[in-house]
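Me: I have a new structure to look at. Can you walk me through it?
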Amino acid sequence: MAYPHPNLELRPLGNTGLKLSCVGFGASPLGSVFGPVSEHDAISSVREAFRLGINFFDTSPYYGGTLSEKMLGQGLKALGVPRNEYIVSTKCGRYVEGFDFSAERVTKSIDESLARLQLDYVDILQCHDIEFGSLDQIVNETIPALRKLKEAGKIRFIGITGLPLGVFTYVLDRVPPGAVDVILSYCRYSINDSTLADLLPYLKSKGVGVISASPLAMGLLTENGPPEWHPASPELKSACEAAASFCKEKGKNISKIAMQYSLSNKDISSVLVGMNSVRQVEENVSAATELATFGKDQETLSEVEAILIPVKNQTWPSGIQQS
């Protein structure tokens, strides 16, 4: 099947040589994490994403208890295009049954993931939410195990993910140069919390690529608001709700404003956002193409930022989350 590729910007990922679409497809919703998703809808959303120029797809065995990987695998297979036309990242170390960053478990994990994804290799394998494990184990055991998987050709590049930014510097300062190729940070480059920006020069100096997930702050920056389990404070939830209402009154959508804010920083290779329908795919891509064509809505953005000043960079402890 031939796919036209509209002009969705591709950005280099650190020193990997990969070029990721500026919008990345977060596949956690394909695991029915936020409500049931049919196989038809999963395949349709992956196909539409690829048709519109998205080439980066991210999943984890943790999402939906392995269902996300299976659904994404079906969607990618249905594309019927050469493997080198899309970039896939999955994760290891976090599972429905708990955390296990041991060399034995992560080595077994990639084989399980490849089978579910119906792939011979993944482009990126990431240690998932490393703040819940021992960072010294990540440095001394997990990363070396992943480097062996790299040598074996099962993965091309190695990444780490987490919520507290300090975990990235801890690990990167202790592993050999080039051992970690990419970090995935979430909820740290959105209108209400842009603390990732302070870390970008350090990451660039290490040659590490940056993926930023959850530009909508796990639902805070949406008209419908966050899920009940969201760990933000009542004050932060209330401020984001006020900002969303303000946008709606102006005939604007806070999610689009938030998406464009995150996309505006070119030092972030891809902004990863969860999608589970053709409509969501189209909305996210149009946010990027409108930004490229017209620039961001600075007036509305400034007004939203003013509403959120009292809660700017207010975080929450790692805990209940869908990263």
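Here is a short chat about salt bridges, charge and one annotated span.

Reply: This is a predicted model, where local features need pLDDT of at least 70, side-chain atom pairs count only at pLDDT 80 or more, and totals for chains, interfaces and linings use all residues. Residues are numbered from 1 along each chain as its sequence is written, and side-chain values use heavy atoms, with hydrogens and water left out.

Me: How many salt bridges does the structure hold?
Reply: It holds 20. A salt bridge is a side-chain nitrogen of Lys or Arg within 4 Å of a carboxyl oxygen of Asp or Glu.

Me: Where does E303 sit, and where is K250?
Reply: E303 forms a salt bridge with K250, with the closest N and O atoms 2.8 Å apart. E303 is in helix α10 (residues 298-308), while K250 is in the loop between α7 (234-249) and α8 (254-263). Helices (H or I, at least four residues) and strands (E, at least two) are DSSP runs, numbered from the N terminus.Me: And K108 with E112, how far apart are they in helix α3?
Reply: Four residues, which means about one helical turn.

Me: New topic. What does UniProt list for residues 23-288?
Reply: The unreviewed entry lists "domain: NADP-dependent oxidoreductase" there. That span is 41% helix and 17% strand, and its end C-alpha atoms lie 7 Å apart.

Notes
UniProt positions renumbered as here; feature names shortened; annotations may be inferred.
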